[in-house]
Amino acid sequence: MTTRVAAAQAPAEAGAAPGTPRRGLVLGGGGMLGAAWTVGALCAVEEATGRPPGDAEVLLGTSAGSILGALLAAGARAEQLRDHQRGLPITDGPLAEVAFDYDTAVGGALPPRPRAGIGSPGLLRDAVRHPREYPLLTMVSAVAPHGRGSLAPVGELVRGLLGADGWPEGSALRVAAVDYRSGRRVVFGDPDAPAADVAEAVMASCAIPGWFAPVRLNGSAYVDGGCWSATNADLLLGRGLDEVYVLAPMALRLHPRAERAERGSVAALREWRARDRPRGVLAQLVSRYRRAVTRQLLREAALLRAEGVRVRLLAPTLADLAAMGPNMMDPARRGAVLESALRTSREALAAAR
């Protein structure tokens with residue numbers, strides 16, 4: 001990967017014009033292909049709303065979504081993210097003259113052999129003692145060994161755009177990660193969060209256990225925010241928002257009516273299971289994981305709706321899943337996933353209108 005960065009610049013000031021809804025934007029995790037799908041969905045959201053996604057009052061990113069959130073916070077537009085993914089030259093904005101090899105930046109489709117040993121014995125001990133206090137993925141992440149993959153290219157990209165001098169003042173960006181000792185979520189960018197610059201926070205949020213080593217900041221270790229939730233949308237509770245768009249590349253797209261009713265969502269997930277017939281062990285595991293992510297996302301959305309927030313969920317369709325395949329880090333599928341998301345997300349938002 002080669003990166004030629006433009007001069008660092010402050011992010012565009014977030015916020016809508018007076019009288020417009022206060023919006024939150026949630027960008028979920030999903031690896032390389034999840035990021036490509038999210039870029040397509042972002043373009044559809046901008047087309048449907050007439051408002052750049054980066055103008056949201058809160059930009060919450062998890063894992064791969066945190067990278068896109070940082071790019072939006074730096075001032076990139078959705079169509080610029082799309083063209084950058086396509087390898088087209090960018091002539092203006094923060095991505096102008098920035099080269100980034102999406103296919104090889106984090107090492108390709110498979111991780112290097114991890115180190116031997118349990119990743120977080122202390123977290124594993126606490127999780128075994130108090131299993132109801134932790135999501136299953138948090139418990140599993142404690143067992144995973146430390147990975148050997150490098151997130152340095154991601155940090156270099158983000159640092160080149162947003163600098164390394166702490167958190168930009170007034171930035172709408174928030175980044176979710178998990179403290180690898182306590183197993184609790186940390187929202188970098190919030191006033192009570194540990195000190196970090198954006199690049200450090202993004203690398204922490206992307207540190208998949210077993211693939212990458214935990215990111216150490218101020219004596220503590222942090223791992224992928226997806227170890228708690230693929231979206232962490234409930235972290236937007238209590239932030240005075242009127243509406244929230246959740247882009248969830250690891251969830252499954254349900255009919256809007258099914259999203260809002262428990263019985264409807266259960267029936268919709270059963271229908272998905274009947275229609276989605278994955279072949280191979282990995283594909284079956286990913287399919288089960290997607291259903292679990294969807295259930296958790298619906299719970300998070302219900303909490304926001306109970307607070308009076310309008311919630312719009314976007315997730316992959318069967319057509320998107322066919323483009324993705326089971327390995328969300330497969331670079332050969334990135335272009336097809338982007339083009340599929342541009343089409344299916346536009347169709348979903350048009351149908352909702």
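These legends describe close-up views of a predicted model.

Local features need pLDDT of at least 70, side-chain atom pairs count only at pLDDT 80 or more, and totals for chains, interfaces and linings use all residues. Residues are numbered from 1 along each chain as its sequence is written, and side-chain values use heavy atoms, with hydrogens and water left out.

**View 1. Strand β6 and its two partners.** Strand β6 covers residues 220-224. Strands here are DSSP runs of type E with at least two residues, helices are runs of H or I with at least four, and both are numbered from the N terminus. Two strands pair if DSSP finds at least two bridges between them. Strand β3 (residues 173-179) pairs with β6 in the antiparallel sense, over three bridges. In that pairing, alanine 177 stands opposite aspartate 224. Strand β5 (residues 215-217) also runs antiparallel to β6, again with three bridges. Here arginine 216 has alanine 221 as its bridge partner. Two residues lie between the strands in the β5 and β6 hairpin, where asparagine 218 takes a positive phi near 55 degrees. How many residues of β6 are buried? Four of the five are. Buried means under 20% relative accessible area, exposed means over 50%, and partly exposed lies in between (1.4 Å probe, protein chains only).

**View 2. Two nonpolar cores.** A nonpolar core is a set of buried Ala, Val, Leu, Ile, Met, Phe, Trp, Tyr and Cys residues joined through side-chain atoms within 4.5 Å. The largest one has 100 residues. Leu25, Phe188, Val202, Val246 and Leu247 have the most contacts inside it. Helix α1 (residues 31-49) gives this core its largest share, 11 residues. Another core lies apart from it, with 10 residues, among them Ala142, Val178, Ala221 and Cys227.

**View 3. The surroundings of valine 246.** Contact means heavy atoms within 4.5 Å. Which residues does valine 246 touch? Leaving out residues up to four places away in sequence, its contacts include Val26, Thr231, Ala233 and Leu297. Val311, Arg312, Leu313 and Leu314 are also touched by valine 246.

View 4. A salt bridge is a side-chain nitrogen of Lys or Arg within 4 Å of a carboxyl oxygen of Asp or Glu. The whole structure has 15 of them. In one, the side chains of glutamate 243 and arginine 23 meet at 2.7 Å, N to O. Glutamate 243 lies in strand β7 (residues 243-247) and arginine 23 in strand β1 (residues 23-27), so the pair ties together parts 220 residues apart in sequence. Are these two residues buried or exposed? Both are buried.

**View 5. Arginine 77 with glutamate 46.** This salt bridge spans 2.5 Å, N to O. Arginine 77 sits in the loop between α2 (64-73) and α3 (78-85), while glutamate 46 is in helix α1, 31 residues apart. Arginine 77 is partly exposed at 34% relative accessible area. Glutamate 46 counts as buried, at 12%.

**View 6. Arginine 185 with aspartate 234.** The two side chains meet in a salt bridge of 2.8 Å, N to O. Arginine 185 belongs to strand β4 (residues 185-188), and aspartate 234 to the loop between β6 and β7, 49 residues apart. Arginine 185 is partly exposed, at 23% relative accessibility. Aspartate 234, at 18%, counts as buried. Elsewhere, Arg82, Asp83, Arg86 and Glu339 form one network of salt bridges that share partners.
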